[in-house]
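Student: I have a chain open on my screen and I want to know what the labels rest on. Can we take them one at a time?
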Amino acid sequence: MNLRHLRCFIAVAEELHFGRAARRLHIEQSPLSRTIRKLETTLGVTLLSRTPRGATLTWAGRVFLDDARRVMLSVEQAVASAKAAASGSQGILRIALSRDIGRARLSALLALCREESPQVNIRLSEVPLTELVQGLNAHLFDAGFAMVNEVEDGIIAEPLWADPLVVILPARHPLVAFKEVPLQEVVSYPLVLCDPRACQGCGRQSERLFRAHSDDRDRSYRRT
């Protein structure tokens, strides 16, 4: 087993389709399929279940995917550290970004870091929230940015900035009449929210907000 096997497996596991994964890797589908089968033979487990429409991960495949991503991330960080040292950098700061973090304030913060400590090389990795927390615990990252305030023991969470909650409306929507739209008005309409699988932090924040509003409304009804 080598890094090529891991890279191929990660591509298929994320695409859940051999054809799309092959195009992503710029290789033919047949050698990709053989590579995955060879990896499964080496491990002695089935990682992917083939279906007419693509593939699905087995439970062993899900577990292996997390570890494979960590291995690839460690290799990428090792390469980046070596290149940074060769170019004269005196250190590297490994920062993980959850996929739902706003970029505007982050860009300003990174620019300030570059101005104050130009000798430090900053390495950014965009990962799901679960991998961010796992990476901090495994010392793969030095810090992380995420929309979450509930963390595991051993990790310190501090608020850096607060982004307002906004709602996007059609030009002729009734709620446009409000300068600031009340939450109780918003939840009376069907909502399109972020995918909690892709934006875990944002999903948790939204769920907590709507649950708190629902609980307050239920208490109000009971008092009435």
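Student: Why does Asp 67 count as partly exposed?
Tutor: First, a reminder that this is a predicted model. Asp 67 has 36% relative accessibility. Buried means under 20% and exposed means over 50%. The value for Asp 67 falls in between, so the residue counts as partly exposed.

Student: What makes Arg 70 and Asp 67 a salt bridge?
Tutor: Their closest N and O atoms are 2.3 Å apart. The cut-off is 4 Å, between a side-chain nitrogen of Lys or Arg and a carboxyl oxygen of Asp or Glu. The pair meets that cut-off, so it is a salt bridge. Both residues lie in helix α4, three residues apart, about one turn of the helix.

Student: And Arg 70, buried or exposed or in between?
Tutor: Arg 70 has a relative accessible area of 25%, so it is partly exposed.

Student: What makes Arg 69 and Glu 14 a link between distant parts of the chain?
Tutor: Start with the contact: Arg 69 forms a salt bridge with Glu 14, with the closest N and O atoms 3.1 Å apart. Arg 69 sits in helix α4 (residues 59-86) and Glu 14 in helix α1, 55 residues apart. Arg 69 is partly exposed at 22% relative accessible area. Glu 14 is partly exposed too, at 37%.

Student: Which residues join Glu 14 and Arg 69 in one salt-bridge network?
Tutor: Glu 15, Arg 20, Arg 24 and Glu 131 join them, through salt bridges that share partners. The structure holds nine salt bridges.

Student: Why is Glu 40 called buried?
Tutor: Its relative accessibility is 9%. Buried means under 20%, so Glu 40 qualifies. Glu 40 forms a salt bridge with Arg 50, the closest N and O atoms being 3.2 Å apart. Arg 50 lies in strand β1 and Glu 40 in helix α3 (residues 29-43), so the pair ties together parts that are 10 residues apart in sequence. Arg 50 is partly exposed, with a relative accessible area of 31%.

Student: How do you know that β1 and β2 pair?
Tutor: Count the bridges. Four of them join β1 (residues 48-51) to β2 (residues 54-57). Pairing needs at least two, so these strands pair. They run antiparallel. For one partner, Leu 48 is bridged to Leu 57 in β2. β1 and β2 form a hairpin, with two residues between them.

Student: What shows that helix α1 has the expected span?
Tutor: Helix α1 (residues 3-15) has 13 residues and reaches 18 Å from its first C-alpha to its last. That is close to the 18 Å expected at 1.5 Å a residue. Its buried residues include Leu 6, Phe 9, Ile 10 and Val 12.

Student: What happens at the ends of α1?
Tutor: Asn 2 caps the N-terminal end: a side-chain oxygen lies 3.0 Å from the backbone nitrogen of Arg 4. Just after α1, Leu 16 takes a positive phi of about 55°.

Student: Why does Met 1 count as exposed?
Tutor: Met 1 has 58% relative accessibility. Exposed means over 50%, so Met 1 qualifies. Met 1 lies in the segment before α1. With Leu 43 and Val 45, Met 1 forms a nonpolar patch on the surface, with about 250 Å² of accessible area together.

Terms used:
Residues are numbered from 1 along each chain as its sequence is written. This is a predicted model: local features need pLDDT of at least 70, side-chain atom pairs count only at pLDDT 80 or more; totals for chains, interfaces and linings use all residues. Side-chain values use heavy atoms; hydrogens and water are left out. Helices (H or I, at least four residues) and strands (E, at least two) are DSSP runs, numbered from the N terminus. The expected span of a helix is 1.5 Å times one less than its number of residues. Buried means under 20% relative accessible area, exposed over 50%, partly exposed in between (1.4 Å probe, protein chains only). A polar contact is a pair of N or O atoms within 3.5 Å; within protein, one must be able to donate a hydrogen and the other to accept it, and residues adjacent in sequence count only if both atoms are side-chain atoms. Patches are made of residues with over 30% relative accessible area and no salt bridge: like charges are joined within 9 Å, nonpolar side chains (Val, Leu, Ile, Met, Phe, Trp, Tyr) within 5 Å. Accessible areas come from the Shrake-Rupley method with a 1.4 Å probe; for residues, only the protein chains shown count as cover.
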